[in-house]
Amino acid sequence: MGPSFYNIGIGLSASLGTFLYGFDTGIITTTIAHQSWVDYMHHPSKAITGAVVAVYIAGEAVGALLQILIADKLGRTRFMHCACVLVTIGVIIQTASVNIGMMLAGRVLAGVAVGAMSATVPIYLSEISAPKTRGLIGGLSGVGLSAGTFTANWVGFAGSYAPYGETQWRLPLGLQAPWGVILFICLATYMPKSPRELVQKGRIPEARIEFAKIRNDIPPLEAHEEFALMRTQIEYEKTRALSGCIAVQVLTSTTGVNVIQYYQTNLYKSLGIDSKTILVLAAIWGTTALVSNIIAVLILPDRWGRRKMLLAGLIAVILTETYSAVLQREFQHTDNRVGKGFAILGIYIFAVCYYGLINSVTWLYGSEIMPYFIRSKMVGLSAVAHYVVNVGFTEAGPTAFANIGENYYYVFVAICTIYLILVYLYFPETKQKSLEEIAAAFGDQVVEVNEHDVMVKGEVCDAKATVSHME
């Protein structure tokens, strides 16, 4: 049985958090490509341009740290509420920027907010989705990210049709603002709290009601058994650290996806392409990423499995980045238009492979494999690691491409080769398993549940009946 419309609605609403991540990440790609922005900001150096990108990622790391420190205290939904307010403020400051300092300040604030949400949304989705459809519902966080990038690139391209001036880049920046407001409203109205979070806080009756809402697709007895196992396991679990959670998040940075996304416009310029075509190419790249992500998340995670997707994705990334490096070296400084076209094709194939096979599962996998008591903290820590590594790669991007050119790709190829071995040896499959069954796959003891331990059958059934009656 597939997910209910209610669960899909929750997943799509929550994924607005990662949509904002993709939008704010993608819009700066086209913003720094507009000559009107370069002129208005008095021709910032490559280092300053790199800082406009890097401070945002540094802010994301701070946001992920805040997720570690206060998300469990505030609760998933309340924490996302705060992030919605902060991202809206950051967007307003960016849009109203009168100098590079103001732009940097807005980027930092927005980065903090989306860092907080990108570390929270996958946890939330993994905890409110059913085992058999967690790949789809949890994968929506990745779809939200690629949808944000897609939207940003096309909005940035549309800005190029405005008359030369501030409107070209201020309007696209400002169009980020409504999404935080929409997510805030969704959280305040119909999105449920995580039942696992409520159980951990001892709010059992409320947890039963929320659980009945999100699992209204199964018979009462099955709901009783799942809730009982969830409650008993949470009460049993003890803290453990798992390097896999951090490793899978750092993986996303070491593929070089952010470097390619941020600086693809520089690549197009180096190939002698005019400014408007550059924005079109960036928009098409974002479209390719989104379509690949949507198709993959609908089909692969719950059928093919997370492990196979990661392995196939890493192999594809290694091959496509090697391909891109070779062709850019051969044709970048020539008049061979066909060769340049094939060089550009390489980063489009990369987008298909990364967003279809890796982006669809990395955020989900990291949140699945952690026990409840440290899930929030460990996913937050993994997000911090992701952003810290990202800062290093993206800040170095302009200088690296200027000095070693396409050879920068080989750094990512080497790291992904190591990751390929690690995933093959140490990453178990998690598809169609409950979070408690996944814990067993990592060697945790999973408790047995009987009627004497947790007598909730009647109460869960009553809760389901109440919810059905209300609906």
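The dialogue below takes up these features one after another.

Modeller: This is a predicted model, in which local features need pLDDT of at least 70, side-chain atom pairs count only at pLDDT 80 or more, and totals for chains, interfaces and linings use all residues. Residues are numbered from 1 along each chain as its sequence is written, and side-chain values use heavy atoms, with hydrogens and water left out.

Colleague: Which residues of helix H1 are buried?

Modeller: Buried means under 20% relative accessible area, exposed over 50%, and partly exposed in between (1.4 Å probe, protein chains only). Helices are DSSP runs of H or I with at least four residues, numbered from the N terminus. In H1 (residues 5-14), the buried residues are Asn7, Ile10, Gly11, Ser13 and Ala14. They lie on the same side of H1 because they cover an arc of only 165° around the axis, taken from the directions from the helix axis to the C-beta atoms.

Colleague: Against which helices do the buried residues of H1 pack?

Modeller: With contact defined as heavy atoms within 4.5 Å, their partners are H2 (16-31), H6 (100-128), H7 (134-159), H9 (177-189) and H11 (204-214).

Colleague: How many aromatic pairs does a search of the whole structure find?

Modeller: A pair of aromatic rings is described by the distance of the centres and the angle of the planes. Rings of Phe, Tyr and Trp (its six-membered ring) pair if their centres lie within 6.5 Å; planes under 30 degrees apart count as stacked, over 60 as edge-to-face and the rest as tilted. The search finds 15 pairs. Phe19 and Phe23 are edge-to-face, because their centres are 5.9 Å apart and their planes stand at 65°. Both lie in helix H2, four residues apart, about one turn of the helix. Phe19 is buried at 9% relative accessibility, and Phe23 is buried at 1%.

The edge-to-face pair of Phe393 and Phe412 has 5.0 Å centre to centre and 65° between the planes. This pair links distant parts of the chain, with Phe393 in helix H19 (residues 372-403) and Phe412 in helix H20, 19 residues apart. Phe393 is buried at 15% relative accessible area, as is Phe412 at 1%.

Colleague: Which residues do ring pairs link into a cluster?

Modeller: The cluster consists of Phe393, Phe401, Tyr408, Tyr409 and Phe412.

Colleague: Is Leu422 buried or partly exposed?

Modeller: Leu422, found in helix H20 (residues 408-426), has 34% relative accessibility and therefore counts as partly exposed.

Terms used. Helices (H or I, at least four residues) and strands (E, at least two) are DSSP runs, numbered from the N terminus.
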